[in-house]
Amino acid sequence: MTLEDLAQERVDFRFKGLPPEADGLTVAELAARRLNLFTDGFTTPVLALSAERLEHNLALMETYATRHGLAFAPHGKTSMAPQLFQRQIEHGAWGITLAVPHQVRVAREFGIERIFLANELVDAAALRWLASELAGDPSFRFVCYVDSVRGVELMEAALTAAGASRPVDVVVELGAGEGARTGVRTEAECAAVADAVASATALRLVGVAGYEGEVPQADGDRVRAWLRRLVALAADFDKAGRFTGLDEIVVSAGGSAWFDAVADVFAEIPELSVPVLKLLRSGAYVSHDDGHYRHLTPFNRVPEEGALHPAFRLWAQVVSRPTPEQAFTNAGKRDAAYDLDLPEAQVVRELRSGEVRDASGVTVTGLSDQHGWVRTEPGAGLEVGDWLGMGLSHPCTSFDKWQLIPVVEADGTVVDYVRTFF
């Protein structure tokens with residue numbers, strides 16, 4: 001499948017929020033009509049992705065990675081949108097990071113040539129598919145974690161049984177500390193996992209990696225200390241001859257909260273036997289948000305480097321106003337991210353006048369499956385039929401509720417539609 005195939009997909013009942021009159025049109029035909037989100041039949045709730053802010057965020061992270069000498073493999077599990085994968089690559093991304101085999105299959109279906117799997121892969125069926133994919137495409141580069149001797153043994157057995165013709169490149173995952181998520185806990189255990197890889201014929205050790213976002217009680221000092229452990233592990237492995245025969249050594253980290261620390265510490269990587277691919281994997285930047293990531297983004301600490309802009313807005317309609325203090329919208333848990341923070345009421349578009357104003361005195365206090373609970377203060381002026389525009393917290397659980405997302409310019413013109421695959 002190609003991106004052009006997506007453009008030729010027919011619009012129908014599967015896609016929330018689109019005008020009923022659009023049924024039967026291709027996505028390309030619908031985009032060519034340049035409909036207005038507010039006046040041309042879109043139904044609520046509807047999620048909109050800002051065209052201008054999306055482009056800003058893509059360009060900013062491209063500039064940041066280049067400035068700091070980092071390769072960039074943004075985490076694709078955030079959006080699972082091949083159109084956005086392609087735009088990230090056009091903005092300089094080395095490849096795409098993913099988390100599970102299904103996501104890898106989606107990326108490969110749309111021609112992504114470099115994939116970093118931030119997980120240990122021990123599923124025999126997935127490994128058989130991977131062996132076939134590597135054999136069929138010499139240009140396909142795949143790297144994944146290993147974090148246990150047992151995992152290495154399972155990978156070796158499955159790949160050998162599949163008759164793998166190319167070894168799978170792996171990086172030893174260094175855990176971020178006791179109580180953290182996955183990853184090898186000590187350097188001695190890392191060496192044991194590396195020894196197991198060296199004894200395998202279907203695997204090749206190409207570097208080290210981890211995720212600094214799991215450092216317990218994370219702050220700048222603790223995160224940088226762990227990153228220096230990761231760098232030292234790479235240097236020790238190199239000194240021990242574990243990377244002999246490679247063209248490059250992969251050292252990878254970087255979520256969306258501490259990429260400034262990654263840039264700082266990766267700048268300290270000493271000269272090794274071959275060049276180092278310093279691979280950053282931040283993913284939430286593509287849409288950013290109005291909650292969790294707005295507060296924790298490293299750009300708050302380094303404002304001279306720029307600022308990400310929240311690109312999502314969820315529009316819902318007021319469907320009930322039972323008391324002067326209470327209103328209900330028609331967007332709930334099926335439509336809005338709520339795992340980190342509730343949606344933030346930002347603007348009201350009045351049904352009577354079409355005027356858009358600040359949502360002063362309007363607060364989202366809860367979500368049911370298909371309703372938003374809204375508290376209103378005196379003077380809020382919210383009426384049944386008005387549209388409420390809300391900011392969202394957590395990009396990953398915003399994208400996954402929408403299969404086809406309108407990309408909207410500042411004046412309301414819909415210029416594209418982003419297809420997701422969760």
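Author: Happy to! This is a predicted model, in which local features need pLDDT of at least 70 and side-chain atom pairs count only at pLDDT 80 or more, while totals for chains, interfaces and linings use all residues. Residues are numbered from 1 along each chain as its sequence is written, and side-chain values use heavy atoms, with hydrogens and water left out.

Reader: Which element gives the largest share of the lining of the largest pocket?

Author: A pocket here is an open set of points on a 1 Å grid over the protein atoms alone, where a 1.4 Å probe fits, with protein on both sides within 12 Å along at least five of seven lines; lining residues have an atom within 4 Å of a point. Helices (H or I, at least four residues) and strands (E, at least two) are DSSP runs numbered from the N terminus. Both β4 (114–120) and α11 (292–296) supply at least two residues of this lining. The largest share, three residues, comes from α11.

Reader: Which residues lie nearest the centre of the largest pocket?

Author: The space in this pocket is about 590 Å³, a volume being the space filled by probe spheres set on grid points joined across faces, edges and corners. Of the 31 lining residues, those nearest the centre are H75, K77, R181, Y211 and G255.

Reader: How many residues of strand β16 are buried?

Author: Buried means under 20% relative accessible area (1.4 Å probe, protein chains only). W387, G389 and G391 point one way from β16, and L388 and M390 the other way. In a regular strand the side chains alternate between the two faces of the sheet. Both sets are buried, and the count for β16 (residues 387–391) is five of five.

Reader: What is the bridge partner of A345 in β16?

Author: Strands pair if DSSP finds at least two bridges between them. β16 runs antiparallel to β12 (residues 344–349), with five bridges, and also pairs in the antiparallel sense with β10 (residues 312–323) over four bridges. For A345, the partner is M390.

Definitions and conventions. Buried < 20%, exposed > 50% of the residue type's maximum accessible area, 1.4 Å probe, protein only.
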